[in-house]
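Work through the exercises below with the model open. Try each task before reading its solution.

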Amino acid sequence: MWKKVLFFLLLTTVLISCSPDKVKHKIGVSQCSADIWRDKQNAELKMGAYFHENVELKFAAAYDSDERQVQQIDSLVDSGIDLLIVAPNQVQTISPAIDRAYDKGIPVIVFERKTNSQKYTAFISADNYEMGHTMGDFIENRLHGQGTVLEIRGLAGSSPSIDRHNGFMESIKDAPGIKVVGSLQGDWTEPTAYEEAKRWLADHQDVHVDLVFGANDRTAMGARKAFSTLNIHPLPLFCGVDGLPGKDGGIQLVRDSILEASYIYPTHGDRLLQLAVDILDGKPYSKKTFLQSAIVTHGNADVLQMESEEIMRQAAHLEQLHEKADTYLRALDAQRVITWLSMGIIALLLVLLVLFYLYHLRKIALQHERVVNTLWNLPEQPAPVNADSSETVEVTEETVAPESIDDAVTDETVDETSDEPVSAFFTRFKEVIAARLEDSEVSVEDLASDMNLSRVQLYRKVKALTGSSPVELLRTARLSRAYHLLLTTDKSVSEVAYAVGFTAPSYFTKCFKEEYGMVPGDVRK
């Protein structure tokens with residue numbers, strides 16, 4: 001029956017397709033981290049997509065993890081993207097994943113951070129070396145050629161941190177009156193800068209600091225918090241880099257004299273997307289593009305803040321207009337369908353869609369019922385076990401992997417008639433699984449150890465009571481929790497996969513589809 005339903009649904013879909021949709025460019029965006037600078041850039045990329053109706057964007061954030069970014073790049077490539085945009089977390093470690101994408105014929109745009117590989121299609125960024133050099137010139141002038149500077153660098157191994165440091169040191173090398181009393185290793189975040197500065201100050205109480213140069217504004221603010229916490233007066237001057245607009249952005253911090261200076265680190269997500277579209281459309285493009293930028297000081301902060309606020313207001317207005325336009329176009333498309341089709345075909349389509357939807361809901365309900373019955377609402381008493389076969393319960397290599405057949409046979413057998421209530425056993429087993437849900441390295445031996453049982457004992461008891469192995473129940477629990485997270489949070493599919501103990505989003509997607517008959521992204525639809 002359902003084959004017929006699907007056939008009519010397909011036929012109806014073909015009939016209502018008045019004209020073929022444009023082929024979309026699928027563009028993957030791999031961000032090395034997630035912060036306000038990248039949030040702004042992602043918003044600009046989405047805004048740029050409004051002007052290219054044939055573009056679909058897929059975002060991934062590695063949260064400063066090399067391993068996670070490599071996995072995410074491979075996952076984006078496997079998903080069938082047409083172009084990869086990537087900000088490498090570090091110069092060397094991400095290069096192999098970028099090379100794999102490039103070798104598969106996928107154009108690669110490296111932005112904001114460099115890679116030591118030459119396998120990329122285009123590079124676009126501001127000039128971080130020039131930023132560091134310009135900030136060095138400003139600091140020398142601000143201190144009138146005499147003073148001490150404490151530097152807090154960005155993430156080790158990342159090209160912006162390296163280039164900003166080198167530019168700064170090159171600028172002040174001919175200024176003998178400027179002394180760098182310390183160069184601390186940060187990671188772009190305020191908490192790390194705070195801890196590093198606080199530790200350094202405790203070890204150098206006799207050293208006077210005139211100015212702190214942070215690799216970015218958040219680093220500078222972390223150092224400022226450390227100086228304030230230790231009641232060091234007068235406070236030194238603080239300079240950073242990023243110069244973001246908006247509330248508590250670098251421009252406002254300079255305007256309010258919290259920072260002495262910052263440097264606008266342009267995001268330009270719109271230009272980044274235009275470059276990607278030009279490459280995919282076969283249009284001319286530049287292999288390397290350096291974005292213009294400027295220093296923010298007390299002299300221009302007021303004007304820059306007003307301009308940025310106006311740009312943000314206009315962007316918000318454009319977003320509202322886009323939403324209204326989407327609503328209008330959807331209504332227009334519906335009118336065209338109604339005009340082109342007879343009411344009979346529309347009624348048939350609605351009936352088929354409802355039937356398909358009910359079938360889909362029923363399928364999900366049955367799957368959830370199985371999860372509940374096999375894990376969280378297990379029977380109070382064990383299922384009957386044939387006396388003749390109770391000693392020959394199958395022990396597979398995948399689940400318990402005994403050292404030998406003799407090991408499985410001679411290990412202490414499970415006492416199914418023990419005084420311990422079955423409900424208490426499964427209450428404990430649920431607690432063990434819940435505690436281990438996020439541990440991607442957990443084994444059957446670990447679960448058995450937590451239950452104070454041998455691995456063979458655990459396997460036999462669980463298998464006899466449920467018909468499933470401990471590994472199968474653990475995987476079912478992980479997928480059930482993943483389904484819940486997809487429904488109740490805004491986490492990405494990759495984040496959910498890691499949160500429930502899967503080591504690769506692609507394998508998580510495979511298991512999820514086997515369990516629920518759909519990919520994780522379809523849950524929220």
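**Exercise 1. The largest cavity**

What volume does the largest cavity have? Then describe its lining.

*Solution.* Start with the source: this is a predicted model. Next, count the cavities. The structure holds two of 30 Å³ or more. The largest cavity has a volume of about 80 Å³.

Now turn to the residues around that space. The lining of the largest cavity has 13 residues, and Q41, F111, I124, T267 and L291 are the closest to its centre. Sort the lining by class: eight residues are nonpolar, four are polar and one is charged.

Finally, trace the lining back to the fold. Helix α2 (36-49) and strand β5 (122-126) each supply at least two residues. The largest share comes from β5, with three residues.

**Exercise 2. The second largest cavity**

Which residues line the second largest cavity? Give its volume and the class make-up of its lining as well.

*Solution.* Take the volume first. The second largest cavity comes to about 40 Å³. Then list the lining: E151, I152, R153, S161, R164, H165, F213 and A215.

Three residues are nonpolar, two are polar and three are charged. Then assign elements. Strand β6 (147-153) and helix α6 (159-172) each contribute at least two residues to this lining.

**Exercise 3. A helix pair**

At what angle do α3 and α4 pack? Classify the pair and find the contact residues.

*Solution.* Two numbers are needed. Two packed helices are described by the angle between their axes and the distance between the axes.

Helix α3 covers residues 66-78 and helix α4 covers residues 95-103. They pack at an angle of about 10°, and their axes lie 9 Å apart. Apply the cut-off: angles under 35 degrees count as roughly parallel. Therefore α3 is roughly parallel to α4.

Now the contact itself. Helix α3 brings V70, I73, D74 and V77, while α4 brings A97, I98, R100 and A101. By class, this contact has six nonpolar, no polar and two charged residues.

**Exercise 4. The six-stranded sheet**

What is the strand order in the open sheet of six strands? Identify the edges.

*Solution.* Read across the sheet. The order is β2-β1-β3-β4-β5-β11, and the pairing is parallel.

Look at the two ends. Strands β2 (55-61) and β11 (288-291) each have a single partner strand, so one side of each is left without a neighbour in the sheet.

Zoom in on one pair. Strand β1 (residues 25-31) joins β2 in the parallel sense over seven bridges. V29 stands opposite F59 in β2.

**Exercise 5. Backbone exceptions**

Is the peptide bond from H233 to P234 cis or trans? Locate it, then examine the phi of H144.

*Solution.* Most residues other than glycine have a negative phi, and most peptide bonds are trans.

Check omega. For the bond from H233 to P234 omega is near -5°, and the bond is cis. P234 is found in the loop between α8 (217-229) and β9 (237-239).

Now check phi. H144 has a phi near 55°, a positive value in a residue other than glycine. H144 lies in the loop between α5 (128-142) and β6.

Conventions:
Residues numbered from 1 in each chain as written. Predicted model: local features only at pLDDT ≥ 70, side-chain atom pairs only at ≥ 80, totals over all residues. Heavy atoms only, no water. 1 Å grid on protein atoms, 1.4 Å probe; cavity = no way out; pocket = protein on both sides within 12 Å on 5 of 7 lines; lining within 4 Å. Points joined across faces, edges and corners; volume = space filled by probe spheres on them. Helix = DSSP H or I, 4+ residues; strand = E, 2+ residues; numbered from the N terminus. Nonpolar A, V, L, I, M, F, W, Y, C, P; charged D, E, K, R; others polar. Axes fitted to C-alpha atoms, helices over the stretch in contact; angles between N-to-C directions. Parallel < 35°, antiparallel > 145°, perpendicular 65-115°, else oblique. Contact = heavy atoms within 4.5 Å. Pairing = 2+ DSSP bridges.
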